[in-house]
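Here are my notes on the model, point by point. Please read them with the coordinates open.

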Amino acid sequence: MDCPPLLAAMVQDLDPFAVARDLFPDMPPGFPFENFDLEELILPTGDDMGIKSDDDDIKEEDIQTQSGFGSCLVIQNLPKAPEEKYEKLMTVVRTIASKMGEVRENGIYMPLDESTKMTKGFAFVELARREDVDAALLDERFANGYQLDKNHKLTFCRFDDFDKYAKVPDEYAPLEQVPYKQPENLHSWLADKLGRDQYVLRFGDNTVVCFNDGKRGRADVAFQREYWTESFVQWSPQGTMLATMHRQGMAVWGGPSFTRLNRFAHPSVRLIDFSPNEKYILSYTSHEPVTARDSYTILINIWDVRAGKLLRKFEGPVDEYAVGSSAGPNGALKWPVFKWAGGREDIYFARLGRSKISIFECPHMGLLGKESLKLDGVQDFEWSPSEPMLAAYSAEQGNQPARIVLIKIPERTEIRQKNMLNVSDVKLYWHPQGTYLAVKVEAWTKTKKSTTTSFQIFCVKDKDVPLEVFELKNNKERVLNFAWEPKGHRFAVVHGDGPRPSISFFTMRDDKGRLGVRELKMLDNRACNAISWSPQGRNIVLAGLKNFNGQLEFFNVDEMETMATAEHFMATDVEWDPTGRYVATVVSHVQQMENGVNVWSFGGRLLYSTQRDKLYQFSWRPRMPSLLPLEKEAEIVKNLKQYSKRYDEEDEQLLMQADADVLHERQRTLDEWKAYQESRRNYAALQLDFKRELYGPRFQEKESTIQKVMVEQVIDVKEEPYNVK
């Protein structure tokens, strides 16, 4: 039915928004909300209607302007020399400046007093980078003054400091008191009432931190963010922080909402390494040669994690750092270059040099004793995980045999050594608790055509550090893997020359605690190329990764029995959670298909699977080390059955409470939705009446759509012979 012309004209001139405002005067400005432009939405004064602005949490950072002389140093208290000695003094200044870093071309200026023709006692040095100035002022050679001669002790400061101190007002103005803001608890995840551990997944452009709810067979997302990192993420050793990598450097995050704790400027950072107690962090990058005559150079920065302050930098040609075990194939560098000493304090770190080990002391980051530890032919070293003691291996040189030596730091006392002949290769394996040091020695036979393998085990915690030597039954077999039980006296060895090797278990103590290597059991013909002990010991996973198609055997070493066998096709990694209750098998992006994670109980029962395309990274969140002594932990494990019943009851109650909380939250959400529906019921009825009045008879018409359809029709077909000539 067509509308009369007069009615059509009236409807065309009708403003529906004005009509709506007249019909519903109690509605907020901007009503009605259908077909509105977000730009035209008018909210009530002082009321955001629950619409939170993205700018609410943004805090403007103080912009600190720089004078442009950030890379300029001032050397003070220089001798005031006559003009004829100007060049001699300038040579001295150049020598001192070269120790601070790279000096820009024509970057040294020492003014001369025109009236007296004497130097003024100071000079300006412009270094290549601002970071060089920071490092120079922290260097122990310059931080407390540089003794030039008996009468002149040089001091150093930034050029910008003069401008900064000149702007200090003459009158004191009290600082504005900023209210204290309680920081987030960095260990909040440890207080989870269900005792769950966390892990991080990085797939595609996403990074997700999840709680592992093994009892319910699922993962609960704790935090997720897109484009959080540009290469990888890394937990700190005690799980307090998560580090992310960016073009400008790296950042560390923590707390329940993963707020940014600090950031560190290191362009194109490639690798990082935390100190064991999270006080310091090392960042690494390499630079390609500019010309054919140049070589690869590396830059390693050491930062204070809490303060975000650069403490020291190491840079130079890669050849200076790729020495012994630090050298990879084709002159590459193996990470980590610097190794941290064990113990509860981050005191020492060291790197391997040519016939020396350079040990640095924290927090001043200078050489311990101002000189390196001299060891002729040293090829490798490893710190004890529990104390500042290192084990070093020196290769044979001429008539000097190969040598393993244990050295206590800082005394540099050799507490044990062992000489060896005809050595082909050596690997060092510290027990995670620092109780033993196993040295795998491959030695040439008399014909020099094959090698034999033996193990030299130093019992570090025993009096006089006794040495145990043992060999496999067939000492010519290849040893594919070696792993200590994290808590205990046992170890496992994977050995064999065929495609399906054997696994042997040994112990360092008998039932009465007497020292001596004893074989416990050998498992023959296993599809295994990787072994992974539980962090609590007792259980081990024998895994056939990659070429073995993910064959898994969950083995109880106490009972010497297989608990379960399973398969995770194309698995690339096996990762235990910190408690030893759960173990994850991972198919990472190394495999192009089936990327994901399977989470198992320690006994080999599959709990749940998570499939993620382009899975780059899976990592459990570490826990802080236990404060209980080893004797107390052993007592708890021994009497665990006495506590397990009570703990099982508590766990069941917590699970029931958690389920009740979920149901309560769902009911609350449903009630809110019903209340909202009821509150809008009258509005919906009024809106319907308004549309009925506005559209009149056309209101009853059904909605219609217009579709364009393409139809093809063959008109004619004609066949003609094709002339091939």
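Which residue takes a positive phi in the hairpin of β9 and β10? The residue is G217, with phi near 65°. Bear in mind throughout that this is a predicted model.

1. **The hairpin of β9 and β10.** Four residues lie between the two strands of this hairpin. Strand β10 covers residues 218-226, and β9 pairs with β10 in the antiparallel sense over eight bridges.

2. Strand β8 (residues 198-203) runs antiparallel to β9, and six bridges join them. Here Q198 stands opposite F211 in β9. The hairpin of β8 and β9 has two residues between the strands. G204 in this hairpin has a positive phi near 55°.

3. **Burial of β9.** Strand β9 spans residues 206-213, and seven of its eight residues are buried, so the strand is largely enclosed by the rest of the structure.

4. **The cavity.** How many cavities of 30 Å³ or more does the structure hold? There is one. The largest cavity has a volume of about 70 Å³. Its lining consists of 10 residues, and those closest to the centre are L194, R196, D213, K215 and Y582. D213 falls within β9 (residues 206-213), and Y582 within β41 (residues 582-587).

5. **The sheet with β41.** Four strands form an open sheet here, in the order β40-β41-β42-β43, and the pairing is antiparallel. The edges are β40 (573-576) and β43 (606-611); each has a single partner strand, so one side of each lacks a neighbour in the sheet. Neighbouring strands are turned by 20° against each other on average, direction ignored. Strands β40 and β41 share four bridges in the antiparallel sense. D573 stands opposite V586 in β41.

6. **A second open sheet.** Strands β36-β37-β38-β39, in that order, make up an open sheet of four strands with antiparallel pairing. At its edges stand β36 (530-533) and β39 (561-567), each with a single partner strand, so one side of each is left without a neighbour in the sheet. The twist from one strand to the next averages 20°. Within this sheet, six bridges join β37 (residues 539-544) to β38 (residues 551-556). N539 stands opposite N556 in β38.

7. **M570.** Look at the loop between β39 and β40, where M570 is found. Phi of M570 is positive, near 65°, in a residue other than glycine. Is M570 buried or exposed? M570 has a relative accessible area of 11%. The cut-off for burial is under 20%, so M570 counts as buried.

8. **N422.** This is another non-glycine residue with a positive phi, about 55°. N422 sits in the loop between β27 (413-420) and β28. N422 is partly exposed, at a relative accessible area of 38%.

9. **The hairpin of β28 and β29.** Strand β28 (residues 423-430) and strand β29 (residues 436-444) run antiparallel, joined by seven bridges. V423 stands opposite A443 in β29. Five residues lie between the strands of this hairpin, and G434 in the turn has a positive phi of about 75°.

10. **H431.** The loop between β28 and β29 also holds H431. H431 is buried, with a relative accessible area of 0%. The C-alpha atoms of H431 and E485 are separated by 7.8 Å, although these residues are 54 apart along the chain.

11. **Cis peptides.** Check two bonds. The peptide bond from W335 to P336 is cis, with omega near 5°. P336 lies in the loop between β18 (309-317) and β19 (338-340). The bond from C362 to P363 is cis, with omega near 5°. P363 is in the loop between β21 (356-361) and β22 (366-367).

12. **Helix α3.** This helix has 13 residues (86-98) and reaches 18 Å from its first C-alpha to its last, close to the 18 Å expected. Y86, L89, M90, V93, I96 and A97 are buried in α3. They cover an arc of only 120° around the axis, which puts them on the same side of α3.

Methods: Residues are numbered from 1 along each chain as its sequence is written. This is a predicted model: local features need pLDDT of at least 70, side-chain atom pairs count only at pLDDT 80 or more; totals for chains, interfaces and linings use all residues. Side-chain values use heavy atoms; hydrogens and water are left out. Two strands pair if DSSP finds at least two bridges between them. Axes are lines fitted to C-alpha atoms, for helices over the stretch in contact, and angles run from 0 to 180 degrees between N-to-C directions. The expected span of a helix is 1.5 Å times one less than its number of residues. Buried means under 20% relative accessible area, exposed over 50%, partly exposed in between (1.4 Å probe, protein chains only). The arc is that of the directions from the helix axis to the C-beta atoms. On a 1 Å grid over the protein atoms alone, a cavity is a set of points where a 1.4 Å probe fits but cannot get out, and a pocket is an open set with protein on both sides within 12 Å along at least five of seven lines; lining residues have an atom within 4 Å of a point. Grid points are joined across faces, edges and corners, and a volume is the space filled by probe spheres set on the points.
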